[in-house]
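Hello,

Here is the structure I promised to pass on to you. Please have it open while you read, and my notes follow below.

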Amino acid sequence: MSDSAIHSLAGAAGGVIAMTATYPLVVLSTRAAVETNNDSETVWQKVLDIIKREGPLAFYSGLSPSLVGIAVTNGVYYYFYERSRAIILNSRAGPKVMSTLESTLAGLIAGSTTSIISNPIWVVQTSQAVRSSEPSDGSTPTGQVKKLGVIETIRNILSKDGVAGFWRGIGPALVLVINPVIQYTAFEQLKNILVKSRTAKLRARGLSKAVAALSDWDYFFLGALSKLIATGVTYPYIVVKSRLQAGQSQYRSSLHGLLTILKQEGIQGLYKGIGSKLVQSVLTAAILFAGQRRIYELTKKVGCLVGNCTKVTLGGRFGDGFCS
């Protein structure tokens, strides 16, 4: 199995684990992002209201397409990133280490490809997470709602917007390709600072050739911190993307959406749901950074045993991709 394929498999598996663990926070943040009223309810009040109206399972509305989506997006992202990385490195002589600019280019290529391929999955997931329909047969008590299934949601999107409806929000989704680029850059810089600091301490003790190695917990916390930075910077576009994918068609473009929200709801409208989103994104990224690394190592070792090789080398990047 090629190195790109191993990274793809590890990224997909790590993403599924991370998304499953944090999905209720995805529902909370997505619903908050698409609300256009100036609701003053606290997160806890929203949780109680959802449980009362829809039951605890509402926190897993859209989980199936979400797991498919995260597996596809992370798998595709890691694959195209590693392929782009290999092409860039093989195109020139010298050290086989990418510069920040080359890493950014590889991230943009992988991110754009992934956004275009996976957008239909996220449109279905977002629609399921935020939408419901009142039952027409009177079987559900007044005040409660019946959630739409995957097939019903797909039919609704097709009947309303046609096939093009599955690419709602693709504009801000492409802009948000910068999210993992910011995250990866922050991660690499923080990692370098940490390694340099620990290496200096080791050498101060007389270990002149020592180089510090990072643990799983280091990857966990560096992943969390880098994702915190990336999500904080790009969150307004996440709000616009969520609203467009949920079918709110009053925005003509990403910029128009940002300006409309700013005019009608104020600056706080651009950051609706950011609390639960930051917690979810940070936890997801932290789990994925540590999990993808371990899954990659395990898969690589199994491949080496089957292929009778003698050395396991870690390569590529341990990024979040599109665990948004």
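**Helix H7**

The buried residues of H7 are Asn 179, Pro 180, Val 181, Gln 183, Tyr 184, Ala 186, Phe 187, Glu 188, Lys 191, Val 195 and Thr 199. Please keep in mind that this is a predicted model. Helix H7 covers residues 178-204, and its 27 residues should span 39 Å at 1.5 Å a residue; the C-alpha atoms at its ends are 39 Å apart, which agrees. Just after H7 comes Gly 206, with a positive phi of about 105°.

**The chain as a whole**

You will find 10 helices and zero strands in the chain. Read from the N terminus on, the elements run α-α-α-α-α-α-α-α-α-α. Of the 324 residues in the chain, 48% are buried. If you take the contacts between residues at least 6 apart in sequence, 77% of them join residues at least 24 apart. One such stretch of sequence lies between Leu 9 and Val 76, which are 67 residues apart along the chain, while their C-alpha atoms are separated by 9.3 Å. Leu 9 belongs to helix H1 (residues 3-34) and is partly exposed, with a relative accessible area of 44%.

Helix H9 (residues 254-265) has 12 residues, and the distance from its first C-alpha to its last is 16 Å, close to the 16 Å expected at 1.5 Å a residue. Its buried residues are Ser 254, His 256, Gly 257, Leu 258, Thr 260, Ile 261 and Glu 265. Their cover includes helix H6 (170-175) and helix H8 (216-245). After H9 comes Gly 266, which has a positive phi, near 80°.

Which residues make up the largest nonpolar core? There are 11 residues in all: Ala 33, Leu 176, Tyr 235, Ile 238, Val 239, Val 240, Leu 244, Tyr 251, Leu 258, Ile 261 and Leu 270. H8 and H9 are the elements that give two or more residues to this core, and H8 gives the most, with five residues.

Leaving aside its neighbours within four places in sequence, Tyr 235 is in contact with Ser 29, Ala 33, Leu 270, Tyr 271, Lys 272, Gly 273, Ile 274 and Lys 277.

**Salt bridges**

The structure holds seven salt bridges, and here are some to look up. Side chains of opposite charge can pair when their charged atoms come close.

- Glu 265 and Arg 243 meet through their side chains at 2.8 Å, N to O. Glu 265 lies in helix H9 and Arg 243 in helix H8, so this pair ties together parts that are 22 residues apart in sequence. Both Glu 265 and Arg 243 are buried.
- Glu 82 and Arg 85 form a salt bridge at 3.8 Å, N to O. The two residues lie in helix H3 (residues 63-90), three residues apart, about one turn of the helix. An α-helix has 3.6 residues a turn, so residues three or four places apart point the same way. Arg 85 counts as partly exposed, at 22% relative accessibility.
- Glu 54 and Arg 53 have side chains that meet in a salt bridge of 3.4 Å, N to O. Glu 54 is buried, with a relative accessible area of 17%, whereas Arg 53 is partly exposed, at 31%. Arg 31 joins Arg 53 and Glu 54 in a network of salt bridges.

**The surface**

The chain exposes about 15700 Å², and carbon and sulfur atoms supply 64% of that area. Ile 116, Leu 158, Val 163, Trp 167 and Leu 174 make a nonpolar surface patch of about 430 Å². Of these, Leu 174 is found in helix H6; Leu 174 is partly exposed, with a relative accessible area of 34%.

Terms used: Residues numbered from 1 in each chain as written. Predicted model: local features only at pLDDT ≥ 70, side-chain atom pairs only at ≥ 80, totals over all residues. Heavy atoms only, no water. Helix = DSSP H or I, 4+ residues; strand = E, 2+ residues; numbered from the N terminus. Expected span 1.5 Å × (residues − 1). Buried < 20%, exposed > 50% of the residue type's maximum accessible area, 1.4 Å probe, protein only. Contact = heavy atoms within 4.5 Å. Areas by Shrake-Rupley, 256 points an atom, 1.4 Å probe, with all protein chains shown as cover. Patch = residues over 30% accessible without salt bridge, like charges linked within 9 Å, V, L, I, M, F, W, Y side chains within 5 Å. Salt bridge = Lys/Arg side-chain N within 4 Å of Asp/Glu carboxyl O. Core = buried A, V, L, I, M, F, W, Y, C linked by side-chain atoms within 4.5 Å.
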